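Q: I would like a close look at one residue in this model, followed by a walk through the other parts that can be described alongside it. Please keep it plain and give the cut-offs as you go.

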Amino acid sequence: MVAILLSTYNGAAFLGEQIDSIIAQDCPDWHLYIRDDGSTDNTVATVKEYLSDPRITLMNDTERHRGCTGSFLWMLANVDADAYMFCDQDDVWLPEKISVTLEAMRKHGADMPVLVATDLRVVDGSLQPLHESMWRAYGLDRIVDDSRYLGLTSIYTACTCMLNSAARARVLEFKSDGDLLHDQIAAYAVHRAGGVIVALHRPTILYRQHQGNTVGFNPMASIFKKILSPLKVFRKNAANYRQSHKYLGTTLPEYLSLKFRYLTSK
């Protein structure tokens with residue numbers, strides 16, 4: 001069974017569409033676990049409209065406001081399943097998202113920590129297309145197949161990821177200083193354990209962009225920042241290197257080599 005972990009916070013505007021897209025998956029072997037992080041809108045009321053479906057559970061957590069990463073990691077620790085998927089409240093899953101990801105995962109042994117991530121199709125608040133491939137828009141399609149590039153940037157987006165049980169165990173063992181998002185923790189933990197990271201060059205999600213995005217899509221802003229703020233670029237790379245060195249053991253020559261190869265492969 002695939003456990004889908006959905007953390008919500010004031011997401012009533014788009015939550016129904018997301019849950020509907022999960023119900024419409026072509027793979028029926030899933031269970032949706034939802035944890036709310038203290039919403040003040042109609043999010044919980046929206047969730048309760050779906051609880052007649054036995055495959056959907058609203059989890060009870062006495063602690064509020066764990067934050068995005070804390071919420072997902074709490075759910076990961078409190079759900080038992082064969083595989084796990086992170087789910088954001090405002091996207092829409094394409095019907096084959098679970099099945100194609102699960103097929104890729106099953107190609108590897110259950111004892112091996114495995115993370116499978118996919119590309120994303122970027123859309124606006126009304127689901128109108130903005131970019132067919134987020135990986136291509138950011139130039140990530142050149143590096144997602146090589147997990148050594150993890151230290152450069154967050155290349156695997158949590159809402160596309162699936163973990164097997166062995167990977168879940170590694171994630172829960174992983175200790176960070178609170179400076180990592182849950183997608184970084186998952187990828188770092190699997191990579192450091194000698195596991196497998198599979199990148200599917202196929203969008204499985206409509207990645208909705210709106211004013212309330214916690215993490216969003218804006219490649220042009222990224223380009224302008226690089227042109228107008230070289231000091232910020234240096235500081236960002238320094239921070240990435242420190243993280244990569246601390247959690248992955250990457251040396252400075254290794255980091256610089258990967259960065260040079262990435263920049264010159266465009």
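Where is Asn10 found?

A: Asn10 is found in the loop between β1 (2-8) and α1 (12-23). Helices (H or I, at least four residues) and strands (E, at least two) are DSSP runs, numbered from the N terminus. This is a predicted model, in which local features need pLDDT of at least 70 and side-chain atom pairs count only at pLDDT 80 or more, while totals for chains, interfaces and linings use all residues. Residues are numbered from 1 along each chain as its sequence is written, and side-chain values use heavy atoms, with hydrogens and water left out.

Asn10 is not a glycine, yet its phi is positive, near 50°. At 32% relative accessibility Asn10 is partly exposed; buried means under 20% relative accessible area, exposed over 50%, and partly exposed in between (1.4 Å probe, protein chains only). Leu127 is another non-glycine residue with a positive phi, of about 70°. Leu127 sits in the loop between β6 and β7 (129-131) and is partly exposed, with a relative accessible area of 24%.

β6 leads on to strand β9. Because 10 of the 13 residues of β9 (residues 196-208) are buried, this strand is largely enclosed by the rest of the structure. β6 (residues 114-123) runs parallel to β9, and 9 bridges join them; two strands pair if DSSP finds at least two bridges between them. Within this pairing, Thr118 has Leu200 of β9 as its bridge partner. Strand β5 (residues 92-93) pairs with β9 in the antiparallel sense over 2 bridges, and Trp93 has Ile205 of β9 as its bridge partner.

The buried residues of α6 are Ala166, Ala167, Arg168 and Val171. Their cover includes α3 (67-77), β4 (83-87), β6, β8 (162-164) and α7 (182-192), contact being heavy atoms within 4.5 Å.

α6 (165-173) and α4 (97-105) are the elements that give two or more residues to the lining of the second largest pocket. This pocket has a volume of about 200 Å³. Of its 14 lining residues, Asp82, Ala83, Leu102, Met105 and Arg106 lie nearest its centre. On a 1 Å grid over the protein atoms alone, a pocket is an open set of points with protein on both sides within 12 Å along at least five of seven lines, a cavity is a set where a 1.4 Å probe fits but cannot get out, and lining residues have an atom within 4 Å of a point. Grid points are joined across faces, edges and corners, and a volume is the space filled by probe spheres set on the points.

There is 1 cavity of 30 Å³ or more. The largest cavity has a volume of about 40 Å³, and residues lining it include Leu150, Tyr156, Asp183 and Tyr188.

A search of the whole structure finds 0 disulfides, a disulfide being a pair of cysteine sulfur atoms within 2.5 Å. For Cys68 the nearest cysteine sulfur, that of Cys159, is 9.9 Å away. Cys159 has the sulfur of Cys161 as its nearest, 7.9 Å away. Cys68 is partly exposed at 39% relative accessibility, whereas Cys159 is buried, with a relative accessible area of 1%.
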